[in-house]
Amino acid sequence: SLAVTATNRFEETRDLVKKFINAKHREEIIFTKGCTEGFNFLANSICKDLNPGDEIILSEIEHHANIIPWQMAAAKYNLKINYVNVSESFELDFDHLESLLNKNTKVVSIVGESNISGMLPDIKKINSLVKDKTDAVYIVDGAQLVPHRKIDVQDLGIDFLCVSGHKMLGPTGIGVVWGRKDLLENLDPVYGGGDMIE
């Protein structure tokens, strides 16, 4: 009975997060140990299906959590990483971003709000550029963004979002990866066991 109670609380929390970011399905909410684990999960799950020479786009102002996992995956799978320039006034260089996008671009992972400068890139504009010019997935680092801004993942049109619990005054060691259900269903599970048997 204790296990059933714990599972029910877990799923109720999933529903709360779903409502908070306006996700479409409860199954789109994946609990992690934080943004770092979220990016490691995404990098390892997505990059193993890419081809050598495929490209990942990050920006010059990313947190290490959104750089190192991609660098490790790029080294492992022979992928290329390109970095979008950031101006002296800490604005994302959209012309440079657009010039980097090409048929080999498979992942674009950019901070939603910078913890270094407070930069707030135009997420919808980035999404439009990415979707118009590539078939890449667009990932947003929401560690700083989600605690401070109202976020509607359906309205933004993005593919994945990483969220940190402690940045939202919650307990340390917890976070969320949100991903579009159709994309998540194409990724292999990272861990096995438990209720996945169903």
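Trainee: How many nonpolar, polar and charged residues are in the lining of the largest pocket?

Mentor: This is a predicted model. The lining of the largest pocket has eleven nonpolar, seven polar and ten charged residues. In total 28 residues line that pocket, and R14, E27, I29, I30 and Y191 lie nearest its centre. α1, β1, α2 (35-47) and α8 (181-184) each give two or more residues to the lining.

Trainee: Which element gives the largest share of that lining?

Mentor: α2, with five residues.

Trainee: How do the residues lining the second largest pocket divide by class?

Mentor: Into eleven nonpolar, five polar and no charged. There, α1 gives the most, with five residues.

Trainee: Why is E28 called buried?

Mentor: Buried means under 20% relative accessible area. E28 has 4% relative accessibility, so E28 counts as buried. E28 lies in the loop between α1 (2-21) and β1 (29-32).

Trainee: What makes W178 a contact of E28?

Mentor: Contact means heavy atoms within 4.5 Å, and W178 is on the list of residues in contact with E28. Leaving aside neighbours within four places in sequence, that list also includes A23, V177 and L184.

Trainee: Which backbone atom does the side chain of E28 reach?

Mentor: The backbone nitrogen of K181, at 3.0 Å.

Trainee: How far apart are the C-alpha atoms of E28 and D182?

Mentor: They are separated by 9.2 Å, although the two residues are 154 residues apart along the chain.

Definitions and conventions:
Residues are numbered from 1 along each chain as its sequence is written. This is a predicted model: local features need pLDDT of at least 70, side-chain atom pairs count only at pLDDT 80 or more; totals for chains, interfaces and linings use all residues. Side-chain values use heavy atoms; hydrogens and water are left out. Helices (H or I, at least four residues) and strands (E, at least two) are DSSP runs, numbered from the N terminus. Buried means under 20% relative accessible area, exposed over 50%, partly exposed in between (1.4 Å probe, protein chains only). A polar contact is a pair of N or O atoms within 3.5 Å; within protein, one must be able to donate a hydrogen and the other to accept it, and residues adjacent in sequence count only if both atoms are side-chain atoms. On a 1 Å grid over the protein atoms alone, a cavity is a set of points where a 1.4 Å probe fits but cannot get out, and a pocket is an open set with protein on both sides within 12 Å along at least five of seven lines; lining residues have an atom within 4 Å of a point. Ala, Val, Leu, Ile, Met, Phe, Trp, Tyr, Cys and Pro count as nonpolar, Asp, Glu, Lys and Arg as charged, and the others, Gly among them, as polar.
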